[in-house]
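Me: I have a protein open on my screen and I'd like to go through it slowly. Could you walk me through it while I look?

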Amino acid sequence: KELLIAYILLNKTAPSVVSGPMCSRMTDETTYGGFSIARKFRPATFERVGPNGALRECDTFNGNCVLVPARLRDEVGGLDPAYHHSYGDIDLGLALRNRGCKTYLLPDHIGYCEVQSAQNIPPLHKRFRAMFAAPHPVSDQIHLAYKRYSWPLATLIAGIQVIKRFS
């Protein structure tokens, strides 16, 4: 209900996306919702934005519960089918942001959703094989880099993503 009310009120003045943040049942930490670009000179690095008791703006979203203006979604083409999982949300949010659409996060968590755990790190040969497999293949990150940036910067970002997979 809060999500819909915020969406209606915000969209009276300007096109806006509203994301309802989710949290873990076990830790109460935010698992899905919004992201801010972490550093101006590292635009592919994001920090999770959690609710703080007030409606807050963020740069993009990865959400299980997000309302997007249909007209803008259609203009940017919706979710890019090249992405298998959450990168599609992030990419859509960035594309909407580039069109002047603001993204807001609700003041409180609206539901529960666990995030995938990285506790059991597989051996190197399995990580290499998984690097190009769903749900978060490095190919998605490379696609995002080349879609958003010129080739020198995109090549650097893509190379860093491959290196990060081995560390």
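**Cysteines, sheet and core**

Reply: Let us begin with Cys23, whose sulfur lies 9.9 Å from the closest cysteine sulfur, that of Cys113, which is too far for a bond. The structure holds zero disulfides, a disulfide being a pair of cysteine sulfur atoms within 2.5 Å. Please keep in mind that this is a predicted model, in which local features need pLDDT of at least 70 and side-chain atom pairs count only at pLDDT 80 or more, while totals for chains, interfaces and linings use all residues. Residues are numbered from 1 along each chain as its sequence is written, and side-chain values use heavy atoms, with hydrogens and water left out.

Me: Is Cys23 buried or exposed?

Reply: Cys23 is buried, because its relative accessible area is 4%, and buried means under 20% relative accessible area, with exposed over 50% and partly exposed in between (1.4 Å probe, protein chains only). Cys101 is buried as well, with a relative accessible area of 4%. Of the 167 residues of the protein, 38% count as buried.

Me: ok, how many helices and strands does the protein have?

Reply: The protein has six helices and nine strands; these are DSSP runs numbered from the N terminus, with helices being H or I of at least four residues and strands being E of at least two.

Me: And in what order do the strands of the open sheet come?

Reply: Four strands form that open sheet, in the order β5-β8-β1-β7, and the pairing is mixed; two strands pair if DSSP finds at least two bridges between them.

Me: Which strands stand at the edges?

Reply: β5 (56-58) and β7 (66-67) stand there, each with a single partner strand, so one side of each is left without a neighbour in the sheet. Further in, strand β1 (residues 16-19) pairs with strand β8 (residues 102-105) in the parallel sense over four bridges, and Ser19 stands opposite Leu105 in β8. Helix α1 (residues 2-10) packs on the sheet and touches β1, β7 and β8, where contact means heavy atoms within 4.5 Å. The direction of α1 makes about 165° with that of β1; axes are lines fitted to C-alpha atoms, for helices over the stretch in contact, and angles run from 0 to 180 degrees between N-to-C directions.

Me: What about β1 and β7, how do they run?

Reply: β1 and β7 run antiparallel and are joined by two bridges, with Val18 standing opposite Leu67 in β7.

Me: Which residues make up the largest nonpolar core?

Reply: There are seven residues in all, namely Leu3, Ala6, Tyr7, Leu10, Val18, Tyr104 and Leu106. A nonpolar core is a set of buried Ala, Val, Leu, Ile, Met, Phe, Trp, Tyr and Cys residues joined through side-chain atoms within 4.5 Å. The largest share of this core, four residues, comes from α1. Leaving aside its neighbours within four places in sequence, Leu10 is in contact with Ser16, Val18, Leu55 and Tyr104.

Me: Changing topic, where is Thr31 found?

Reply: Thr31 is in strand β3 (residues 30-39) and counts as buried, because its relative accessibility is 5%. A polar atom of its side chain lies 2.6 Å from the backbone oxygen of Cys113.

Me: And which strands does β3 go with?

Reply: One of them is strand β2 (residues 22-23), which pairs with β3 in the antiparallel sense over two bridges, and the bridge partner of Met22 in β3 is Tyr32. β2 and β3 form a hairpin with six residues between them, and Asp28 in the turn has a positive phi of about 65°. Three bridges also join β3 to strand β6 (residues 60-62), and these two run antiparallel.

Me: Last one: where is the place of His109?

Reply: His109 is in the loop between β8 and β9 (111-112), and at 30% relative accessibility His109 counts as partly exposed. The C-alpha atoms of His109 and Gly20 are separated by 6.6 Å, although these residues are 89 residues apart along the chain. The side chain of His109 also makes a polar contact with the side chain of Thr30 (2.7 Å). A polar contact is a pair of N or O atoms within 3.5 Å; within protein, one must be able to donate a hydrogen and the other to accept it, and residues adjacent in sequence count only if both atoms are side-chain atoms.
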